[in-house]
Amino acid sequence: MKVAEAVGRALVAAGVGQVFGVVGSGNFHVTNAMVAAGARFVAARHEGGAATMADAYARVSGAPTALSVHQGPGLTNALTGITEAAKSRTPLLVLAAEATGPHSNFRVDQAVLAHAVGAVGARVTTAHDAVAQALAALGRARRDRRTVVLNLSLEVQELEVPADAPTTVGPPPEPAAVAPADHQVDALVAELRSASRPVFIAGRGARTPGARDALVELAGLHGALLATSAVARGLFQANAWSLDISGGFASPLAAELITGADLVVGWGCALNMWTTRHGTLIGPGARVVQIDDDPTALGRHRPIDLGVTGDAERTARRAVEAGGRRRAGYRTPAVAADLAARGRWRDVPYEDEGTAERIDPRTLNLALDDILPAERVIGVDSGNFMGWPSTFLSVPDQDGFCFTQAFQSIGLGLATAIGAALARPDRLPVAVLGDGGALMGAADLDTVRRLGLPMVVVVHNDDGYGAEVHHFGPDGCALDTVTFPDTDIAAVARGYGFEAVTVRTRGDLDAVAQWVAGARTAPLLIDAKVTRERGAWWLEEAFRGALTRRGRGCRPV
């Protein structure tokens, strides 16, 4: 048996059941070996899309996932998606064929590329140790929650595995949860008992049903309100004391209540500038506690009063076991009434700015929230538009929202929704994109149709890169480089086999309701011509906190 086949079969035996990629000569045999061993392979139309599909699938399913790419350009094409996965600490194994010949046109330093984007580099070096090295890379990805690029040189792939070398293995044990130290749990409980208005913010590290249940129990004991970072949105969806997202996407009431907290506890949450609005959501005098199983994450983005090294679920359960008198805390009748009356973005009044030609994105997303089935999984691209679907479209739980935004690249939204859809085939997949991201990822409209996914793709089409338009436009900068002629994206989608509708007014969405009520034999794309006169509130807030707009040297035009 050759190394390529032995590695592929061993990885499937170790639990890798889903592979994404684009197959070329260098990764042909290892990919086919995985398929022969029982893995499902999904071919994307571009390696960048394949990488993001794998990232999203791993996030939503929690299952070992692999990406398979050709040597050289296959890996470089995938780098943006790999960077997103690496920055998000997604446990993902990248199988990258590698050209090591000194004169090969495919040769690049793939180990350096992996390191440069935050991934872990590994390499299969000998036929005898090939399987062990591949399984060690998979173990590293799972144990340390890292994206690992395993380089498979073309020469080694072709070698015969010696008869005495191991070629099979069972699934590795699940990574052990990090237990917090007793004195840190005691300190956490003391902080909770002394707080009058505690708020919990759960992040990626708490995005599991077990962690949710433990946090809900602990919050109930101490009267804490519950919020999440964007990536963990939906975790407390059914809870009456949920504030939904903390940060730039926070509702006015959520921002008010988080700022009024005297204790903010981050559970598996970085408490970075996005989650805290550049720190403005941490009120004067509020104490800050951070729990993370990675000690290097504690206090990385802001000063904290207490850091606890531990798994979110185990730490919360230990704090619950400490007991104590149940207190009302922040859960007062007045807060309950406020949350019931104006706790959601859809409860916030607004003046519809739509015209006969362009629909207000708030009206669009509120209507879609009512039309689309509640059991949904949403993937959102990056851009000026992204706050509206992220706040106005409800999700059933933490598996209903997949947010690949750690690198803030546009063009990942469609692939995100594909990966999430495959992880949750029981739900309606919804991809929400801007026109720029939609056209960047358009090749994988073919993947949606080929896989038979009953997907809804919503394009917020303002004919430009809206973030730049609204960031630089008020300074009188020329915007020719970031605005474009109208594109009929609905026509593009029809060419890929989609049903498609162009939406300019609320009435045009009747066609979407008909699709939902029908057989859904083909996916649907909504080319929504959205208003473009004003920038999104969350982006204005981000720019205000991070950059100074004035003095850029632009001349009035």
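Modeller: Before we start, axes here are lines fitted to C-alpha atoms, for helices over the stretch in contact, and angles run from 0 to 180 degrees between N-to-C directions. The model is predicted: local features need pLDDT of at least 70, side-chain atom pairs need 80 or more, and totals for chains, interfaces and linings use all residues. Numbering starts from 1 along each chain as its sequence is written, and side-chain values use heavy atoms, without hydrogens or water.

Colleague: At what angle do α9 and α12 pack?

Modeller: About 30 degrees, with the axes 8 Å apart. Helix α9 covers residues 209–222 and α12 covers 312–321. Helices are DSSP runs of H or I, at least four residues, numbered from the N terminus.

Colleague: Parallel or antiparallel?

Modeller: Roughly parallel, therefore; that label applies to angles under 35 degrees.

Colleague: Which residues of α12 make the contact?

Modeller: Glu313, Ala316, Arg317, Ala319 and Val320. Those from α9 include Leu215, Leu218 and Leu221. Contact means heavy atoms within 4.5 Å.

Colleague: Switching topic. What volume does the second largest pocket have?

Modeller: About 770 Å³. A pocket is an open set of points on a 1 Å grid over the protein atoms alone, where a 1.4 Å probe fits, with protein on both sides within 12 Å along at least five of seven lines. Volume is the space filled by probe spheres set on the points, which are joined across faces, edges and corners.

Colleague: How many residues line the pocket?

Modeller: 46, with Gly383, Asn384, Phe385, Ala536 and Leu539 nearest its centre. Lining residues have an atom within 4 Å of a point.

Colleague: Which helix gives the largest share?

Modeller: α22, with seven residues.

How values were computed
Helix = DSSP H or I, 4+ residues; strand = E, 2+ residues; numbered from the N terminus. Parallel < 35°, antiparallel > 145°, perpendicular 65-115°, else oblique.
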